[in-house]
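Open the model in your viewer and keep the selection panel at hand. The tour goes from one selection to the next and says what is found at each stop.

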Amino acid sequence: MGFARHVGQISVLTVRIVMAVGQGGVSLKSVFAQAYEQGIGSLPLVLVTAVLSGIVTSQQGGYQFSSSIPLYVLGSVVASSVVLELGPVMTAFVLIGRVGARITAEIGTMAVSEQVDALISLGRDPVPYLAAPRVIAGMIVTPILVGVANAVGVLTGLVSARATMGLGPEGFLYGARLYWHSWDLFYSLAKAFVFGFTIPVISVHMGLITHGGAEGVGRNTTTSVVFMIITVLVVDATFPPLFLN
Amino acid sequence: MDPEVTIEYENVHKRFDTPVLSGVNLSVMRGETVSILGTSGTGKSVLLKTTIGLITPDRGDVRIDGESVYHSTRLGLRDLRRTVRYVFQYAALFDSLNIYENVAMGLDPAEIKTLDPQVMLDRIAASLVNVNLEPAKVLSKLPAELSGGMRKRVGLARAIVGEPRIILYDEPVTGLDPVNSATVNRLIMSIAERTKVTSIVVTHDVEGALEMSHRVALLDNGTLRFIGTPDEFRRSEDPLVMAFADRRAAAEAALKLIEHDAYDDNDAGPAHAISIGVRA
């Protein structure tokens, strides 16, 4: 019942965000400020996870393929794993921790300290003022971050394959191109776009419904993170049957 | 409806886990200052929040200038809210905005777009001066850099900058020392006198309420137990009103009388109740 209520409220919030955008009530300045905060602020952590994802995939793949399968196939394994799965999902997890939790705590604190009520009482709608800039920024920034994570992950996979497996860049890129589908990149960025919407919209919703002082902020931030992780994993599991068959 | 009635609460009911408001009826006249007193948790702030739709009553209606807050369209409600300003208990200033931006939020958004920046600055500065703050010292500061009393005064400045017709004060002196409390009370009085704004003040400060209000109401058990002028309040024989008016000795005597009457009406008096407790 509680889950259904959340889904209903998030659906209403989404419709109101779309209406706010349609009515031109969203400040571009706020969108850029949020995009900067979410994008540039998250970039170092996204790069670290992308580098480590590339290295780990390359080394584990190399370990499995070193006997009978030609080593150049490692290029395909690394490229596909990073682009289809690790790039979008690891970036989403970084954004959940860094952006989503922050949004819930920030808006939750505003809610319990009556700042959201103050906004309403001053004739401002919190949806175009607080929710829409964060959600639009997430939808712009997440595909860009995932694109960067994909490139960095594949590149570090290439470097790692050369350093530890002795597979040169030519062999790695030959393998990567052999099984490459351009659709995979679109798939990756589409997934990023959906994550870029779900993470801020859930975190904004959980922030807006916060009550009960500091304890309420802590409780809702934790619930929000759990909710976002589960949603990202469910969306991730839904994508292959829908788009890879 | 009396054309002089600005705010009208009609049979307002609200319950959360337990009933909070159980049929509140109150009419506030144009330019009038009404203070609402009551013990903690009696629903004073809830009643105030129903005035601008921050809390929706379960039953009943609230009307501003004859227009129902709860039967308005979203745009209608937004327009209604623009004529009303709400001063929150802890000021509710926006943490991420400086004082200039916070006070500017009190202006109509449509007006901000057309207002000359210098005119806007002048209006913001004037409203800060009106609440005894020096604009040059506070404009660029963040709320966290101000004391509690200064934050409350910035909240007042935000409320008056848009020249509203109605101001709702939610415990404006709670948490302030006596000097700052007196300052804020005097500001509320001077704003009301100068601008002829209609004001409702929810407060625990009885002396302040009696000094600044045309009428005083006492909320108890979800209904208005008393409504009258400060003089009527002082003369009231109602034990709870007397307790609020700080006539402690008289109130204690009255409360003792009530307890005595209650026990007389019931065969199971105190001694009986104790004996049951011991047996159980």
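The expected span of a helix is 1.5 Å times one less than its number of residues. Helices (H or I, at least four residues) and strands (E, at least two) are DSSP runs, numbered from the N terminus. This is a predicted model, in which local features need pLDDT of at least 70 and side-chain atom pairs count only at pLDDT 80 or more, while totals for chains, interfaces and linings use all residues. Residues are numbered from 1 along each chain as its sequence is written, and chains are lettered from A and ligands numbered from 1 in the order in which they are written.

**Chain A as a whole**

Select chain A. It has 8 helices and 0 strands, and its C-alpha trace spans about 70 × 35 × 35 Å along the principal axes. Of its 245 residues, 46% are buried; a residue is buried if 20 or more other C-beta atoms lie within 10 Å of its own, exposed if 12 or fewer, and partly exposed in between, with C-beta atoms placed from the backbone. Two residues are in contact if their C-beta atoms, placed from the backbone, lie within 7 Å. Among contacts in chain A with a separation of 6 or more, 89% are between residues 24 or more positions apart.

**Helix 5 of chain A**

Next, select residues 126-165 of chain A, which form helix 5. From first C-alpha to last, the 40 residues of this helix reach 54 Å, close to the 58 Å expected at 1.5 Å a residue. Helix 5 of chain A is mostly covered, with 28 of its 40 residues buried.

Where does helix 5 of chain A have a kink? Zoom to A:A132, shortly before the proline A:P133: the kink there is about 40°. The bend at a residue is the angle between axes fitted to the seven residues ending there and the seven starting there.

**Helix 1 against helix 5**

On the helix 1 side, the contact includes A:L13, A:R16 and A:I17. On the helix 5 side, A:V127, A:P128 and A:A132 are among the residues taking part.

**A glycine in helix 2**

Select A:G61, in helix 2 (residues 28-65) of chain A. A:G61 is buried because 23 other C-beta atoms lie within 10 Å. Beyond its neighbours within four places in sequence, A:G61 is in contact with A:L74, A:V77 and A:V78. A:V77 is 16 residues from A:G61 in sequence, and the two C-alpha atoms are 7.1 Å apart.

**Across to chain B**

Now show both chains: 10 residues of chain A are in contact with 13 residues of chain B.

Chain B has 13 helices and 10 strands, and 38% of its 280 residues are buried. Select B:D65, in the loop between strand 4 (59-64) and strand 5 (67-68) of chain B. B:D65 is not a glycine, yet its phi is positive, about 50°. With 16 other C-beta atoms within 10 Å, B:D65 is partly exposed.

Last, select B:E163, in the loop between helix 7 (148-160) and strand 7 (166-170) of chain B. Its phi is near 50°, a positive value in a residue other than glycine.
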